[in-house]
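Hello,

Here is the structure I promised to pass on. My notes follow below it.

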Amino acid sequence: MNRIDQIFLTKEKLLSIYFTAGYPNLNDTIPILKKLQEAGVDIIEIGLPFSDPLADGPTIQESSKIALNNGMNSEKLFNQLKNVRNEIDVPLVIMGYFNPILQYGVDSFCYNANKVGIDGLIIPDLPLDVYTNKYEKIFKKHNLHNMFLITPQTSEKRIKLIDDISKGFIYMVSNSSITGAKGTIDQSQLNYFKRISSLNLKTPQLIGFGISNFETYNNAINYSSGAIIGSAFIEFVKKEGINNIEKFIEKITKK
Amino acid sequence: MKYNVDKNGYYGDFGGAYIPEMLYPNISELKENYLKIISEPKFKKDFNLLLKKYVGRPTPLYFAERLSNKYNTKIYLKREDLCHTGAHKINNTIGQILLAKRLGKNRIIAETGAGQHGVATATVCALMGVKCVIYMGEIDIKRQAPNVARMKMLGAEVKSAKSGSKTLKDATNEAIRDWINNPVDTHYIIGSVVGPHPYPDMVARFQSVISDEIKTQLLNTENRDYPDYLIACVGGGSNAAGLYYNYLENKNVKIIAVEAAGKGISSGESAATSILGKEGIIHGSKTLLMQNKDGQITEPYSISAGLDYPGIGPMHANLYRSKRAEFVSVTDDEAMNWGLTLSQMEGIIPAIETAHAFSVLDTMNFKPSDIIVFNCSGRGDKDLDTYINYFKI
């Protein structure tokens with residue numbers, strides 16, 4: 001069974017952390033993964049940096065730029081992850097924009113991802129119809145889940161379509177916004193969380209974008225299977241480095 | 001219609017809508033409504049009236065006599081530089097502001113490179129009393145100062161894009177991010193035939209008035225409604241799309257697209273996308289774009305801010321791949337010299353973007369009987385500083 005499906009069967013209220021591969025230093029990928037596993041993180045999203053991250057705010061734009069300057073690319077990431085499954089059991093997802101994957105070759109990318117032990121991909125700018133027409137077979141061949149996003153603007157009809165096709169989890173974007181910490185969850189967001197929760201979708205939902213601290217994390221997990229933190233984690237790493245990652249995780253999960 | 005968009009939003013292998021889910025509702029709303037709205041008689045009437053009374057259309061198709069004598073052929077200039085605000089860009093912004101109003105949007109955002117599209121957008125927003133935010137790269141803000149001042153005077157807020165290369169590509173990224181953050185009340189007026197479907201088709205349709213008029217105008221002067229050659233500069237490609245639009249299926253018409261070679265194709269400082277680009281995805285569209293082997297989009301360069309875009313519209317990528325159009329590239333120096341030549345031979349100071357197109361006259365052979373139509377897409381007022389510095393005037 002895919003590790004992502006396994007974790008949803010065995011645990012509730014998951015915490016998923018996103019980080020940009022190659023940031024702050026090119027070879028921090030494995031050390032960050034180890035720290036996140038030790039700190040008890042349930043799913044880890046490894047960001048493949050892109051020059052033009054359309055859906056990302058300033059924090060991930062900056063970390064992506066630094067990672068690219070450090071020389072990160074698909075080939076280097078797969079090399080770093082070659083033996084990752086000797087040490088890391090946590091479900092691993094690669095999140096990246098489509099063009100670098102397209103240039104690498106979608107089939108080769110999926111082949112290598114599966115080979116090193118990646119469980120799924122999140123590609124924000126690969127649309128649903130293109131995926132189902134052209135790439136779904138490739139993902140299945142390599143036993144990779146493809147996770148889709150929904151937003152407060154996504155129609156119920158489309159949410160049901162996405163739920164049908166989804167494997168792993170649905171990435172529920174918390175607000176109409178790009179990535180980045182805002183520090184609070186407002187009433188309209190809570191109404192949206194309740195609305196989605198009441199749809200009883202077959203695919204579990206993780207709430208991401210704007211989740212940054214104990215309050216926002218707890219608000220999110222009340223209405224979903226868990227939450228995803230990206231920008232706030234990268235801000236922490238920027239200030240504190242990668243040695244005290246467990247402190248960041250503790251602050252999120254325990255008041 | 002081999003060269004126009006198909007029902008799925010593709011031009012051959014190119015086009016589509018590679019957008020994050022956050023933009024899906026906005027793009028679907030446009031896709032489902034744009035053809036219906038722009039074919040309504042009332043919309044057409046409003047659009048044509050504004051083009052006539054406000055923009056000053058039809059623009060002349062001017063026979064350039066001295067240039068024709070020198071090159072021993074028949075050269076016409078489609079005078080888009082005479083449009084209100086000084087370039088063809090306003091044809092599209094008039095269309096899109098009318099569309100936005102019908103969709104109930106009360107806030108407009110746009111990206112701009114040279115500032116021409118930003119000015120054209122700020123102008124129609126002032127005309128309609130709609131809030132306007134323009135994204136412009138930090139570097140472009142410096143090199144196109146007069147246009148920045150014009151936008152501000154027209155009441156627009158100009159926001160500086162400080163990410164990446166700080167030019168058109170990054171201004172576009174910032175505008176897309178703004179749209180993600182403001183999905184309900186805002187319409188994004190893209191200025192070129194780029195971006196996710198239906199933008200390339202929608203912008204091309206609004207610009208097609210250029211070749212509509214040429215048909216009638218040529219019939220009056222040459223007794224036939226088509227030329228032998230159509231020549232335009234291509235950055236994203238909106239003026240070229242408008243020039244070619246009604247002639248795409250007419251095989252008697254040869255189509256030439258002129259790209260900016262910057263300091264030379266192999267100099268590493270160029271914007272010749274068809275030669276240097278590979279198939280990939282930029283700003284929601286599959287097209288030819290300049291990128292490294294890892295699929296990271298590279299920084300283009302051209303002396304003209306309107307041509308240094310790392311991609312071309314998907315329609316143009318298809319014209320290139322299908323060989324319907326011939327693509328040539330022209331260096332900064334060649335373009336600048338043509339800026340001066342056109343000024344002194346015809347009394348027309350062109351935008352540097354526009355000046356690129358004329359270099360074809362030095363490299364291609366035309367017959368005395370050939371009818372050549374250049375799109376004189378914009379005037380050079382905004383480029384005076386660049387001209388002054390280059391020629392030490």
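Which element gives the most to the lining of the largest pocket? It is α1(B), with six residues. Please keep in mind that this is a predicted model.

**The largest pocket**

The volume of the largest pocket is about 760 Å³. Its lining takes in 40 residues. Nearest the centre lie A:D129, A:V130, B:N8, B:Y10 and B:A17, so you will want both chains on screen when you look at this list. By class, the lining of the largest pocket holds 21 nonpolar, seven polar and twelve charged residues.

**The second largest pocket**

This pocket has a volume of about 430 Å³. It is lined by 24 residues. Closest to its centre are A:S51, A:K65, A:L68, B:G164 and B:E299. Two helices each supply at least two lining residues: α3 of chain A and α8 of chain B. Of the elements, α3(A) gives the most, with seven residues. The lining of the second largest pocket splits into five nonpolar, ten polar and nine charged residues.

**The contact between the chains**

Now to the interface. Chain A brings 33 residues to the contact, and chain B brings 34 residues. Between them the chains bury about 2800 Å². Carbon and sulfur atoms give 54% of that area. On the side of chain A, the residues that lose the most area to chain B are A:D52, A:L54 and A:Q103. Together these three account for 22% of what that side buries.

What holds polar partners across the interface? The count is 16 residue pairs in polar contact between chain A and chain B, with both residues at pLDDT 80 or more. The rule also finds two salt bridges across the interface. One of them can be named: the side chains of A:R158 and B:E21 meet at 2.6 Å, N to O.

Which elements of chain A supply at least two residues each to the side that touches chain B? They are α3 (58-69), α5 (98-104), α7 (128-141), β6 (149-150) and α8 (156-165). The largest share comes from α5(A), with five residues. By class, that side of chain A divides into 17 nonpolar, ten polar and six charged residues.

**The cavities**

How many cavities of 30 Å³ or more does a search of the whole structure find? It finds five. The largest cavity holds about 400 Å³ of space. It is lined by 34 residues. Nearest its centre are B:H88, B:K89, B:S238, B:G306 and B:E353. The elements that give two or more residues to this lining belong to chain B: β5 (107-112), α5 (116-128), α8 (168-181), α11 (238-244) and α15 (352-358). By class, the lining of the largest cavity has ten nonpolar, 19 polar and five charged residues.

Best wishes

Terms used: Residues numbered from 1 in each chain as written. Chains lettered and ligands numbered in written order. Predicted model: local features only at pLDDT ≥ 70, side-chain atom pairs only at ≥ 80, totals over all residues. Heavy atoms only, no water. Contact = heavy atoms within 4.5 Å. Buried area = accessible area lost by both parts, 1.4 Å probe. Salt bridge = Lys/Arg side-chain N within 4 Å of Asp/Glu carboxyl O. Polar contact = N/O pair within 3.5 Å; in protein donor to acceptor, adjacent residues only side chain to side chain. Helix = DSSP H or I, 4+ residues; strand = E, 2+ residues; numbered from the N terminus. Nonpolar A, V, L, I, M, F, W, Y, C, P; charged D, E, K, R; others polar. 1 Å grid on protein atoms, 1.4 Å probe; cavity = no way out; pocket = protein on both sides within 12 Å on 5 of 7 lines; lining within 4 Å. Points joined across faces, edges and corners; volume = space filled by probe spheres on them.
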